[in-house]
Amino acid sequence: MDDATLRRAFMDHLAFSLGKRPQNSTQLDRFAALALTVRDRLTYRWWQTQEQYARSNAKRVYYLSAEFLLGRALANNLMALGLYDRAKNLLRGADLELADMLEVEPDAGLGNGGLGRLAACFLDSMATLGIPGHGYGIRYEFGIFDQEIRNGWQVERPDEWLKFGNPWEICRPEYAVSVNFGGRVEETLDETGHYVARWVDTQKVLGVPFDTPIAGFGNDTVNTLRLWQARAGNDFDLTVFNDGDYVRAVEDKNASEVISKVLYPNDHNQAGRDLRLKQEYFFVACAISDIVRRYKKHHVTFDDFPKKNAIQLNDTHPAIGVAELMRVLVDLHHVPWDEAWEITVATMGYTNHTLLAEALEKWPVAMFERLLPRHLGIIYEINRRHLRSVMTKYPGDEARLSRMSLIEEGRERKVRMASLAVVGSHAVNGVAALHTELLKRDVLGDFAEMTPEKFSNKTNGVTPRRWLRACNPRLSAVITDAIGPGWVTDLEELQKLRPLASDASFLERVRAAKRANKVDFADHARRYGFRFDPDSMYDVQIKRLHEYKRQLLNALHVVRVYLDAKRNVDTLKTPRTVMFAAKAAPGYRIAKLIIKLINSIGEVVNGDVDLAGRLKVAFLPNYRVSLAEKIIPAADLSEQISTAGKEASGTGNMKLALNGALTIGTLDGANIEIRDAVGPENFFLFGLTADDVARVWREGYNPGAIYESSPRLKEVIDLIGTGFFSPDEPHLFKPLTDHLVQTDSYLLLADFASYLECQDKVAAAYSDSRRWTEMAVKNIAGMGPFSSDRTIRQYASEIWDAHPVKVTLKPYTGW
């Protein structure tokens with residue numbers, strides 16, 4: 001770790017790992033050399049961590065997730081090792097800039113949004129807390145698509161994050177796993193008369209693991225993220241090739257390897273749906289095989305399996321793990337059913353992340369019969385025993401039996417994956433207080449009534465290492481100068497900032513840090529063709545594009561502000577730069593139309609000389625972790641405006657508040673807890689509550705009546721619907737306006753007046769710079785509970801029964 005060795009290691013990797021001399025190396029070469037230098041030091045801690053876990057016979061936590069939205073790793077790993085400033089100085093001595101290398105690293109975009117980013121934060125926290133944690137997922141060749149904006153429309157391009165290799169990962173072919181699909185089930189009795197099932201005539205796919213080190217901050221702990229790549233069981237049919245049929249010779253290889261090709265293939269056709277289910281089973285089967293292999297190295301029986309292993313299912317994607325662990329125990333290791341079921345339930349935990357029905361996966365029984373016939377048989381048996389217990393507790397309640405069955409009856413019978421996860425887990429949790437209550441009351445109400453002890457809340461959190469210390473060095477320095485560095489690993493330390501909210505010199509330092517960040521982002525935005533005024537309010541909505549998140553409500557407000565300013569520019573006393581960044585699912589037509597509308601509004605507003613630049617609208621393309629790390633430190637206002645009762649938690653709300661942005665939001669998801677923590681007077685609240693939303697629908701909602709009775713709203717909708725923002729296609733946005741007036745599924749019109757009134761309060765507050773900064777400091781000070789460290793401590797003590805293991809690093813003396 002000394003300077004001379006670090007310098008030598010960097011130059012050696014450049015020369016011997018990459019075959020380059022300094023004078024002909026590229027920026028990418030220099031990034032790779034530095035990454036490999038850092039990886040060497042991580043690897044030294046990595047194997048010592050794993051040895052310490054094995055020696056202590058510690059219980060291990062396995063986090064199964066279809067998404068890990070890691071982002072870039074170099075800065076985070078340098079900080080974890082305490083090398084960031086030294087690396088910067090060493091490189092500068094060679095006329096190189098660390099900042100340039102950091103920008104070369106591609107985002108590891110193996111996730112779609114909050115679910116994957118949460119998983120990444122959790123891995124960071126487990127390592128920092130010393131919890132023996134492992135992540136399991138898929139090594140997608142193409143992650144979340146790259147987004148281009150052409151003529152205002154989203155255009156998707158493949159995310160080739162592996163194009164130039166990944167210096168952080170290490171392939172572990174010795175731990176490859178064979179995964180089966182299709183085939184049939186042979187049912188027989190063994191010599192003792194017990195039922196035996198054999199899954200035969202299957203197609204085999206090989207799962208090859210690639211390991212990525214996950215560094216804890218300043219504690220020498222390095223945990224593992226193991227991602228699985230699909231490869232063909234039989235690569236190549238040479239006989240067929242020699243016969244001249246070159247396509248058929250590799251078709252098995254292609255059919256197998258497509259499993260890990262792309263994150264979330266389009267499931268609007270049968271091939272796409274088959275691939276989604278195959279992906280989910282593939283990584284779960286690989287993970288459970290790996291977990292059992294590791295356990296069996298030190299244990300003969302499975303009696304202690306739940307005492308040594310906790311498996312957490314991150315949403316419903318890995319729910320098939322319940323049936324897979326049963327298959328492994330019963331079919332492969334001949335554990336009796338009742339014993340295997342006790343082991344499975346005691347090992348599994350399930351985190352639900354949604355209240356939306358479409359996200360609670362249901363797979364057609366016919367697909368299971370074709371792709372996973374043995375698992376379908378296991379699910380039928382689980383369901384038979386489960387329904388027997390329901391009948392015993394609630395005799396004669398046929399409606400309840402139907403609701404709680406793992407099989408949904410109807411024209412097409414389906415397997416309810418969320419129900420399987422609930423029945424097969426000893427613990428089920430939501431991710432914010434409101435979300436958990438709505439789960440227990442509505443979505444999973446029957447299960448919560450029958451087994452209330454299973455259900456708990458674990459409010460999400462974010463890692464302060466990435467989302468404050470790394471992404472916002474200016475504010476981090478101000479905070480550390482004021483209260484010391486302890487907040488990096490104990491975010492509750494931020495409470496010490498509260499008295500400083502009335503300290504004029506401290507407020508000035510916070511304000512200066514924010515403005516410098518805004519200037520930096522204004523410079524960055526020039527590459528997209530935008531010109532931002534750093535003295536304007538940076539009003540930010542950055543999140544996945546979905547109707548319930550209500551980017552359209554924000555757009556309606558922009559149009560209202562624009563119309564008012566056209567009549568009297570003095571109404572724009574507070575200059576405002578409204579930023580959107582979001583990706584819409586490729587098949588989500590309405591979401592893509594909303595993106596087009598936002599860009600069309602921006603084209604008109606930004607080009608209107610009457611406004612003198614006092615209102616700007618920008619849709620920033622290709623939202624990803626590295627872009628969020630630039631936007632969040634510069635944001636003044638955080639738009640968290642989902643329909644109450646729809647957002648499970650949200651974590652963008654936490655990141656923005658942690659960096660001193662004030663929130664305008666509804667009482668939805670973690671907004672409620674954030675508002676309680678920072679103080680209601682430091683949060684801009686508007687809109688219906690979840691109970692209000694339920695009442696509105698129950699009593700009959702008439703958005704047309706609101707439209708007709710509100711001239712200010714009607715003018716906005718009519719302007720959009722009649723083609724003002726799309727003169728070449730006057731009816732382009734009518735699907736949006738017609739839906740608002742006729743249906744309004746997410747109650748935008750019901751909340752419009754309240755939202756406008758609240759935005760007026762925001763503008764008034766921002767015009768008082770001292771008051772705004774005081775509120776920002778109180779937001780930062782209140783964010784202690786929203787560290788992912790706190791969340792992981794709760795999981796570890798209340799669900800996993802897992803404990804930290806201290807890693808004592810041995811001095812390096814060679815091998």
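The crossing of helices α30 and α31 is left-handed, a term used if the near helix is turned anticlockwise from the far one by less than a right angle, clockwise being right-handed. I717, I720 and G721 of α30 make the contact with K734, T737, L740 and V741 of α31, where contact means heavy atoms within 4.5 Å. The axes of α30 (residues 711-721) and α31 (residues 734-742) come within 8 Å and cross at roughly 150 degrees, which makes α30 roughly antiparallel to α31. Axes here are lines fitted to C-alpha atoms, for helices over the stretch in contact, with angles from 0 to 180 degrees between N-to-C directions, and angles over 145 degrees count as roughly antiparallel, those under 35 as roughly parallel, 65 to 115 as roughly perpendicular and the rest as oblique.

This is a predicted model, in which local features need pLDDT of at least 70 and side-chain atom pairs count only at pLDDT 80 or more, while totals for chains, interfaces and linings use all residues. Residues are numbered from 1 along each chain as its sequence is written, and side-chain values use heavy atoms, with hydrogens and water left out. Helices (H or I, at least four residues) and strands (E, at least two) are DSSP runs, numbered from the N terminus.

Turning to the strands, six of them form an open sheet with parallel pairing, in the order β22-β21-β20-β23-β24-β25; two strands pair if DSSP finds at least two bridges between them. The edge strands, each pairing on one side only, are β22 (615-619) and β25 (684-685). Helix α23 (residues 551-567) packs on this sheet, touching β20, β21, β22 and β23 (637-640), and its direction makes about 155 degrees with that of β21.

Within the sheet, β21 (residues 576-581) is largely enclosed by the rest of the structure, because six of its six residues are buried, that is, under 20% relative accessible area with a 1.4 Å probe and protein chains only, whereas exposed means over 50% and partly exposed lies in between. From β21, R576, V578 and F580 point one way and T577, M579 and A581 the other. Strand β20 (residues 537-542) pairs with β21 over six bridges, M537 having R576 as its bridge partner, and β21 pairs with β22 over five bridges, where the partner of M579 is A618.

Elsewhere, β5 (residues 146-150) and β6 (residues 153-157) run antiparallel and are joined by five bridges, with E156 as the bridge partner of Q147. These strands form a hairpin with two residues between them, and N151 in the turn has a positive phi of about 55 degrees.
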